[in-house]
Number of protein chains: 2
Amino acid sequence: MAARQDAQEADVPAICKPCEARQGELCSAFNARQLAELAKASSRHEILAGTELSDDGTYSNLLSGVVKLTRNLSDGRQQILGFHFAPDFLGRPFKAKKSIKAQALTNVTLCSFPGTVIDRMINETPELGRRLLKHALSELDDARDWMAALGRKTASEKVASFLLMVARNMDPAHHPQSSISFDLPLTRADIADFLGLTIETVSREFSRLRSNGAIRIANKRHISLASIARLEERCGD
Amino acid sequence: MAARQDAQEADVPAICKPCEARQGELCSAFNARQLAELAKASSRHEILAGTELSDDGTYSNLLSGVVKLTRNLSDGRQQILGFHFAPDFLGRPFKAKKSIKAQALTNVTLCSFPGTVIDRMINETPELGRRLLKHALSELDDARDWMAALGRKTASEKVASFLLMVARNMDPAHHPQSSISFDLPLTRADIADFLGLTIETVSREFSRLRSNGAIRIANKRHISLASIARLEERCGD
DNA sequence: CGACTGCTTGACCTAGATCAAACGGCGTGG
DNA sequence: CCACGCCGTTTGATCTAGGTCAAGCAGTCG
């Protein structure tokens, strides 16, 4: 079994071998032959912060950076629907019912495949379909978490929940008791659009958390959490 | 082609033939052999309004009635995450990250299969996996629609959007210009828990819509919409 | 008939929005 | 090098949409 895996591993395309997403949700479903086929059709992109990602049917591994998904109401009010942190992947079969815009929050590295290749592989690789389903359900769970937050949490619970979510994504191997620090990849305006608040309220809640000793703020964007556990008490669920 | 389908049709299990879900999202993915296997393992239930549906791993076609999905915060605040209207189907592979409770809003008829059977069939029927994926993505789209509503819409926009959603589900073949009427399967408390409001605010917005002439209310629960289009103007997106 | 449950309406209150001012870091140009 | 403008942010003062509290109404059930 180990031997067989090694043999396959030897056939993995050179550009895939050092790839951060090689063992990720999408690519680890493929055998060496499929990887080779994908590698031929794939291309890497560097994308600058602020760039909007076009919604052609492509699928992409997000190798580095953070992407936001947004929806706008007719008069310009904006809601952020979710984030993708590396290593995640972007793209979906079937069109969404309403349009969703994807935009890079930081500089972003993508490895993209045309949708047609993936769509075909779904039929020959049941495991791929399973991965996509699992991924969609995970995004559904996230969306529902935020529904509960948007509908029923107070401003300070929303901000605490948000910091917790970012911390968990920036360092998935977190220890709940130890402290953690990171640079927020979002402006206060983005945070407000995600939490259904205004920038002023977000700013006030940051200040309050700081004076509580729950967080430390350096340079507006760099945040240190005393501990994950400390914030969990403040997030209401 | 038509002949072949007729031949298959002849083999369809007797209990499936008159079933409202026979051509539905789930069952229309199966051939006659699979339907026979499923029919053997399936069972029909009548469930009374108010009953909580246990979250064992079963999958069910919802043949009649309406089901709500809810999440509770630690202090009892409740958010409704979504609804299932007949003919929809319930159940999912992989556990949700956080617990979600399903409860019948009206009397409900289910046709249920053990999860093990479905999980096995996913591997032998790529079409089934595709259906499940499509269904999950559709629920994701819905959840995101409501994220935008919860985060950024006013109370009256939320109520208008809600009525629109119910109307579309109660009569999917709606004509946007013609009037439509139906019985709300929810109490004001449920509506409030869905929209992130209080029952008083929901009630006030109903009254306002009534005095605007956008809706007519008989017996608290029976609602008539002047037209779908009239409400669409009020829902903000 | 009385008790209960769901709904409506009114009076008042507050969390968070809005409006306004000022701060600080950063890039540009003199 | 400093002066200036810009942008994101903070903080304060005030306002308001929607929450809270309270009373009363209409079905419904026992």
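Biologist: Which element gives the most to the surface near DNA strand C?

Modeller: Helix 7 of chain B, with 6 residues. Keep in mind that this is a predicted model.

Biologist: What is the make-up of the surface near DNA strand C by class?

Modeller: It has 6 nonpolar, 6 polar and 6 charged residues.

Biologist: Now DNA strand D. Which residues are the closest?

Modeller: Thr187(A), Arg188(A), Ser203(A), Ser207(A) and Thr201(B). In total, 17 residues surround DNA strand D. Two or more residues come from each of helix 6 and helix 7 of chain A and helix 7 of chain B. Helix 7 of chain A gives the most, with 6 residues. By class, the surface near DNA strand D divides into 6 nonpolar, 6 polar and 5 charged residues.

Biologist: Why are helix 5 of chain A and helix 6 of chain A called roughly perpendicular?

Modeller: Helix 5 (residues 155-170) and helix 6 (residues 188-195) of chain A pack at an angle of about 110°. Angles of 65 to 115 degrees count as roughly perpendicular. Therefore helix 5 of chain A and helix 6 of chain A are roughly perpendicular to each other. Their axes are 11 Å apart, and the crossing is right-handed.

Biologist: What makes the contact between helix 5 and helix 6 of chain A?

Modeller: Helix 5 of chain A brings Lys158(A), Val159(A) and Phe162(A). Helix 6 of chain A brings Ile191(A), Phe194(A) and Leu195(A). By class, that contact has 5 nonpolar, no polar and 1 charged residues.

Biologist: What angle do helix 5 and helix 6 make in chain B?

Modeller: About 110°, with axes 11 Å apart. That makes helix 5 of chain B roughly perpendicular to helix 6 of chain B. Helix 5 of chain B passes helix 6 of chain B in a right-handed crossing. Lys158(B), Val159(B) and Phe162(B) of helix 5 meet Ile191(B), Phe194(B) and Leu195(B) of helix 6. By class, this chain B contact has 5 nonpolar, no polar and 1 charged residues.

Biologist: How do you know that chain B is in contact with chain A?

Modeller: Two residues are in contact if their C-beta atoms lie within 7 Å. With that cut-off, 36 residues of chain B are in contact with 36 residues of chain A. On the chain B side, strand 5 (78-85) and helix 4 (126-152) give two or more residues. Helix 4 of chain B provides the largest share, 20 residues. The side of chain B that touches chain A has 16 nonpolar, 7 polar and 13 charged residues.

Biologist: Where does UniProt place the feature "domain: HTH crp-type" in chain A?

Modeller: At residues 153-229, from an unreviewed entry. Over residues 153-229 of chain A, the chain is 52% helix and 16% strand. The end C-alpha atoms of that stretch are 18 Å apart.

How values were computed:
Residues are numbered from 1 along each chain as its sequence is written. Chains are lettered from A and ligands numbered from 1 in the order in which they are written. This is a predicted model: local features need pLDDT of at least 70, side-chain atom pairs count only at pLDDT 80 or more; totals for chains, interfaces and linings use all residues. UniProt positions are given in the numbering used here, feature names are shortened, and annotations may be inferred rather than shown by experiment. Helices (H or I, at least four residues) and strands (E, at least two) are DSSP runs, numbered from the N terminus. Ala, Val, Leu, Ile, Met, Phe, Trp, Tyr, Cys and Pro count as nonpolar, Asp, Glu, Lys and Arg as charged, and the others, Gly among them, as polar. Axes are lines fitted to C-alpha atoms, for helices over the stretch in contact, and angles run from 0 to 180 degrees between N-to-C directions. Angles under 35 degrees count as roughly parallel, over 145 as roughly antiparallel, 65 to 115 as roughly perpendicular and the rest as oblique. A crossing is left-handed if the near helix is turned anticlockwise from the far one by less than a right angle, and right-handed if clockwise. A residue is near a molecule or strand if its C-beta atom, placed from the backbone, lies within 6 Å of it.
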